[in-house]
Amino acid sequence: MAGTTLKTEAVVLRSIRYAEADRILHLYSAKRGRIGAIAKGARRPRSRFGGRLEPFFRLDLVLHEGRGELLTVTQVSTVDGYPRLRSSGAALAAGARACDAVLRLLDSAEPNPPAYNLLCRYLALLDDPAAARAAELETALSFRLKLALAAGFAPELASCARCGEADHLVGFAGAAGGVVCAGCQAGAFPLSEPAHRFMVEAIGRPLLEAPGAEDAALRQAERAISETLEHHAHVQLRPAA
Ligand SMILES: [Zn+2]
């Protein structure tokens, strides 16, 4: 068989039935970012791939790369299947939104270790019964902020994104990509001090240590992240909860 072999770890973001017995996989890989792959015969009852080509599975893969756009899965073993994540509705929904965000935001074939590690870490927390906060909105928004940072689209939070003023930061402008001061707030929406503080602290702390915040502040933070990604990455994310 002509072509080359790629060995990499990857997380299954999406798994689509194809033809009679195959699966097409959208993978986020450690070594090459986004990959599309086909697993031939994966839906046959005794497929050597077993049931592991499903969303959220973290896999060790051997792929064959030929001339086509899709790589072909030749070997697969499970690094982690996150079985407890699948048994909780809230964790499952949060995991699905995380994979969807990665799918939309990270579409290049460049490796991005911070993004890959962040996705694996979040899925592991959603799978951990001791990490009760993992499926909460605070943690989901912290994941989004960190993912935006890894993708190079973190909002500017330290000073006015238009003039650099460090005080009187009263709004957020997606087009400017960050917080804005009172003098620059045309086209911005009002950002409360708790919403601003939430974002600063969430981006600086580990995932599970995102600060608690009122719902109104979290909604503003979500809007700030969404508008930044819409304007600068041209990506629309699904609602965070
Ligand atoms: Zn300003």
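Predicted model: local features only at pLDDT ≥ 70, side-chain atom pairs only at ≥ 80, totals over all residues.
Good morning. Phe-172 and Phe-189 are both buried, where buried means under 20% relative accessible area with a 1.4 Å probe, protein chains only. Residues are numbered from 1 along each chain as its sequence is written, and side-chain values use heavy atoms, with hydrogens and water left out.

Let me turn to the aromatic pairs. The structure holds 3 of them; rings of Phe, Tyr and Trp (its six-membered ring) pair if their centres lie within 6.5 Å, and planes under 30 degrees apart count as stacked, over 60 as edge-to-face and the rest as tilted. One of them is stacked: Tyr-122 and Phe-143, at 4.6 Å centre to centre with 20° between the planes. Tyr-122 lies in helix 2 (residues 113-126) and Phe-143 in helix 3 (residues 137-151), so this pair ties together parts that are 21 residues apart in sequence. Helices (H or I, at least four residues) and strands (E, at least two) are DSSP runs, numbered from the N terminus. Tyr-122 counts as buried at 1% relative accessibility, and Phe-143 is buried with a relative accessible area of 2%.

I return now to Phe-172 and Phe-189, which form a tilted pair, 6.0 Å centre to centre and 40° between the planes. Phe-172 belongs to strand 6 (residues 169-173) and Phe-189 to strand 8 (residues 189-190), so the pair ties together parts 17 residues apart in sequence. Thank you.

Note on methods
Buried < 20%, exposed > 50% of the residue type's maximum accessible area, 1.4 Å probe, protein only.
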